[in-house]
Amino acid sequence: EPPLPEAGKRGRSAGVPLSWLRARFGTCPVGADDATVTYHARAWVMHMFGTVLFPDGTGDAASWMYLPCLLDWDAAGQFSWGSAVLAFLYRQLCEACRRTKPRSSLGGCVYLLQLWMWSRLPVGRPRVRAPQPWTPEGVPEQLPTAAYVWENVGAPYAETERAYVEFSNELDALTPSCVNWWPYCGDDVAAVENGLGLNPLCRRDAALWTMRCPLICFYAVEYHLPIRVMRQFGRQQPFPPDTVSTSIELHKFDRSKQKKVTDFAHHHRAYLDEWRRFEDNCERIHAMHRDSSFRRYLEWYQSSTRYRLRQAWTDRDYADMESSDDENTPYDVATRQGTVVEIAPVLDRVGRDIRRSVNEIGNVMAFPAGQPDGESRLRAAMERLQRRLRRVAARCGCRAQTLQDVAPPVVSPERSRASGASRSRASGGSTSRGRPSTSRGASSSRTRSRARDSSSSDASDGNDEDYEAPDVIGPSQLQDAPASSQLTQRTRRPVDRYTPGTNTLANKGKGKGKRGC
């Protein structure tokens, strides 16, 4: 037999080692008496406490404080183990957010946390496969729960070193419409319920889902506040919510730091009395959820709290910045030196300037009509909006979607006139062997001219002043071009937008080659 844990060792003070439980009570002897079966049953429950329901940050011991709960099986069946698991998980999440050591870990029932996330958020979610057969059958209390949806899934793939950034990107890109607000009413749960039958315990206490009360697990006391997520229950979300103090001092109360307190029931007697009145504290909100009211709640929420994991590197307005001021930002430097692109700061940066644009448009529209400076005020606002949205598009990587460069080059008047004359000769401005220029060519030329004139005030810092965007010349503008009926379609090789063009390497050492893609 393996020896008992020795007194004075770290394992003794933290709890019973899980390795000792597996070695000593891993297999119940055949033909064992009732006392031996009871010992093995208690050891199995302690092992489940230390590995699934109440694991600590170390993951190698089951706390001694749960052992008295297993002395009387009848009394143990009357405890609210579900609320205790939630209280312990909430406290472990709170403590994990404050840990800074490289090897810090998370305790609590992370399996429950994973199921909660998969059911609601499409972040790291595996692909669900058809459920496997369930045995035994015929006993309602032994039917599968809603968690059985995730019993047979494909393994999600994520590299450990990149998972945090990738998941942060996905979380910051989520919108309320992407969240599954009613996870236990979906098709996956319905398939389990219709095919195998759902355990009645899943919905037996549905009337208590909206209770507001403290959740207690020995030293840990955490409040259950469904008033903050009433949409999850199909109800209207009130705002601002009632102020409920979660007590900073209560969060500081820790079992290892408060060794003098051994009677947690006496120490938390006020919270125990509040827990006993939980049936009287259910939220009584009868108004149903409406998208319009929820949007108003989101406006209040976003103005009252931080709602992004990774915020923008600056709050400067794009309309007040030069083009070069947004090229060597801390975000760009970190991205060039890193191994993964964080999209969350870009989303926050772009979102802020779009909201600025919306607000400025509203201010201009609210300006009384007929004012003497109304037209100049509108033009100044539109020019400012144009500068801002061009750089927003450039930050989003939308340069190919614009009619011209988001930072057009500076072209001198002499160069512009010379360029216009050369284009006129190329397009046959007057005649070209008896063939006048088409109205389509003239119209497109005037359109490009107006576009260049309107963008002259938004010139870049001069990095591309030697580059002139080529004009697109149609077949009818070429000399001796065949009629449109004689043109033959020629299949062009698709351009790879993610690698330089082949001419970039082929013309090396032979003068300027064509620009890469």
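Mentor: The model is predicted, with local features needing pLDDT of at least 70 and side-chain atom pairs counting only at pLDDT 80 or more, whereas totals for chains, interfaces and linings use all residues. Residues are numbered from 1 along each chain as its sequence is written, and side-chain values use heavy atoms, with hydrogens and water left out.

Trainee: Why is Asp353 called buried?

Mentor: Buried means under 20% relative accessible area, exposed over 50%, and partly exposed in between, computed with a 1.4 Å probe and protein chains only. Asp353 has 0% relative accessibility and therefore counts as buried; Asp353 belongs to helix H15, residues 344-365, where helices are DSSP runs of H or I with at least four residues, numbered from the N terminus as strands (E, at least two) are.

Trainee: What makes Asp353 a neighbour of Arg388 and Val392?

Mentor: Contact means heavy atoms within 4.5 Å, and, once neighbours within four places in sequence are left aside, Asp353 is in contact with Arg316, Asp317, Tyr318, Arg388 and Val392. The side chain of Asp353 also reaches the backbone nitrogen of Tyr318 at 3.2 Å.

Trainee: Why is Met365 called exposed?

Mentor: Met365 is likewise placed in helix H15, but its relative accessibility is 68%, so Met365 counts as exposed.

Trainee: What makes Arg384 and Asp320 a salt bridge?

Mentor: A salt bridge requires a side-chain nitrogen of Lys or Arg within 4 Å of a carboxyl oxygen of Asp or Glu, and the closest N and O atoms of Arg384 and Asp320 are 2.9 Å apart. This pair links distant parts of the chain, with Arg384 in helix H16 and Asp320 in the loop between helix H13 (291-304) and H14, 64 residues apart. Arg384 counts as partly exposed at 23% relative accessibility, and Asp320 is also partly exposed, with a relative accessible area of 49%.

Trainee: How do you know that Glu360 and Arg384 form a salt bridge, and which helices hold them?

Mentor: The side chains of Glu360 and Arg384 meet in a salt bridge at 3.3 Å, N to O. Glu360 lies in helix H15 and Arg384 in helix H16, so the pair ties together parts that are 24 residues apart in sequence. Glu360 counts as partly exposed because its relative accessibility is 22%. Glu360 and Arg384 are among the residues linked in a network of salt bridges, which also includes Asp320, Asp353 and Arg388.

Trainee: How do you know that Arg162 and Glu166 are separated by about one helical turn?

Mentor: Arg162 and Glu166 are four residues apart in helix H7 (residues 160-173), and are therefore separated by about one helical turn. An α-helix has 3.6 residues a turn, so residues three or four places apart point the same way. Arg162 and Glu166 form a salt bridge in which the closest N and O atoms are 3.3 Å apart.

Trainee: What makes the span of helix H16 close to the one expected?

Mentor: The expected span of a helix is 1.5 Å times one less than its number of residues. Helix H16 (residues 374-395) has 22 residues and reaches 32 Å from its first C-alpha to its last, close to the expected 32 Å. The buried residues of H16, among them Leu385, Arg388 and Val392, pack against helix H14 (330-337) and H15.

Notes:
A polar contact is a pair of N or O atoms within 3.5 Å; within protein, one must be able to donate a hydrogen and the other to accept it, and residues adjacent in sequence count only if both atoms are side-chain atoms.
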